Amino acid sequence: MIPEKLKKGDEIRVISPAKSLAIVAPEQQDLAIERLNQAGFNVSFSTYAAESSHFISNPVDHRVADIHEAFSDPNVKAILTTLGGYDSNQLLSHLDFDLIQKNPKIFCGYSDITALSNTIYKRTGLVTYSGPHFSSFGMEKGFHYTFDHFMKVFTETEPQNIYPAFDWSDDRWYLNQQERQFHTNPGYEVLHEGVAEGTSIGGNLCTLNLLQGTPYMPSLDGTILFLEDDLLSDPFTFDRDLQSLIHQPGFEGVRGMIIGRFQKESNMDDDMLIQILKSKKELGHIPIIYNASFGHTTPIFTFPIGGQVRIEAHKQASAIELLEY
């Protein structure tokens, strides 16, 4: 169930199912609104989007109410999360999946939002998206690639190739917008060559793994896995988190894997990643691309959770193609 694409004049609702909008600098909020307005969209905010809490996150019932309100409002055509956090999975057992299924629309975010986007796809069949948060639109520099892919995914229907970003950054841009460091991106790296097509699922690995053993975990059979992790995941943590996913029912049906670029503070380098991947016999027969432009470095591309994707992994040239999204 693919939601309708966006048109000029459509309303985008901002919700905070993890961290609150209150922690995003006002000038960054203003730039984000300006960017979305210039793209032809109207921005609105949920009732509790900017609620300030001294706890990890705001009350569960408030965050759930905002999700239900956004899906039930016929004027809202897309839902953007404010930013990530740690506990979106608190909301899962409180969601009205019938309401969501009857009101399909674009739902986009990444990081901790992985728990919501994969659950909604699993329980309703609605294709959701791993892509920028609302707060991401407050980035002054290095945002063109992210914005371009966001617009293509949410306004076009033809198959599209996802090309590597020209450069990348791992700085805390939200603390200092002017003195940023960008690095040339050498492009996709390939561990195992091959061609595969399947259903795209995944996002943040440690968050996806929170769904294991619950009714919210999507099937792995016939999938192309998109996996990334943040600076809190060192090589040892990533190794066991990946192994845990491999132990899930249906993993033998995974057709391919795409791994997003790691943050520097994770201390994961290419040699260590290759060592981890090669240690797992279950991965030996599937094509694997790594250092792709998604995850917690910037910029990032948007990809569907529940869409159809084709990958061609070759040492000389690789491609990621969105077929149905």
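## Second largest pocket

The second largest pocket has a volume of about 200 Å³. Of its 13 lining residues, Glu4, Val76, Lys77, Pro104 and Lys105 are the closest to its centre. The lining has 5 nonpolar, 1 polar and 7 charged residues.

This is a predicted model: local features need pLDDT of at least 70, side-chain atom pairs count only at pLDDT 80 or more, and totals for chains, interfaces and linings use all residues. Residues are numbered from 1 along each chain as its sequence is written, and side-chain values use heavy atoms, with hydrogens and water left out.

## Terms for pockets and cavities

The search uses a 1 Å grid over the protein atoms alone. A pocket is an open set of points with protein on both sides within 12 Å along at least five of seven lines; a cavity is a set where a 1.4 Å probe fits but cannot get out. Lining residues have an atom within 4 Å of a point. Points are joined across faces, edges and corners, and a volume is the space filled by probe spheres set on them. Ala, Val, Leu, Ile, Met, Phe, Trp, Tyr, Cys and Pro count as nonpolar; Asp, Glu, Lys and Arg as charged; the others, Gly among them, as polar.

## Largest pocket

The largest pocket has a volume of about 1,000 Å³. It is lined by 39 residues, and the closest to its centre are Leu83, Tyr110, Ser111, Tyr174 and His296. By class, the lining holds 17 nonpolar, 15 polar and 7 charged residues.

## Cavities

There are 3 cavities of 30 Å³ or more. The largest cavity holds about 60 Å³ of space. Its lining includes Tyr110, Ser111, Glu228 and Phe303. By class, that lining has 5 nonpolar, 6 polar and 1 charged residues.

An open sheet is formed by 6 strands in the order 2-1-3-4-5-14, with mixed pairing. Its edge strands, strand 2 (42-45) and strand 14 (303-305), each pair on one side only. Neighbouring strands are turned by 30° against each other on average, direction ignored. Strands (E, at least two residues) and helices (H or I, at least four) are DSSP runs, numbered from the N terminus. Two strands pair if DSSP finds at least two bridges between them.

Strand 1 (residues 11-15) pairs with strand 2 in the parallel sense over 4 bridges. Here Val14 stands opposite Phe45. Helix 1 (residues 26-38) packs on the sheet and touches strand 1, strand 2 and strand 3 (76-81); contact means heavy atoms within 4.5 Å. The direction of helix 1 makes about 140° with that of strand 2. Axes are lines fitted to C-alpha atoms, for helices over the stretch in contact, and angles run from 0 to 180 degrees between N-to-C directions.
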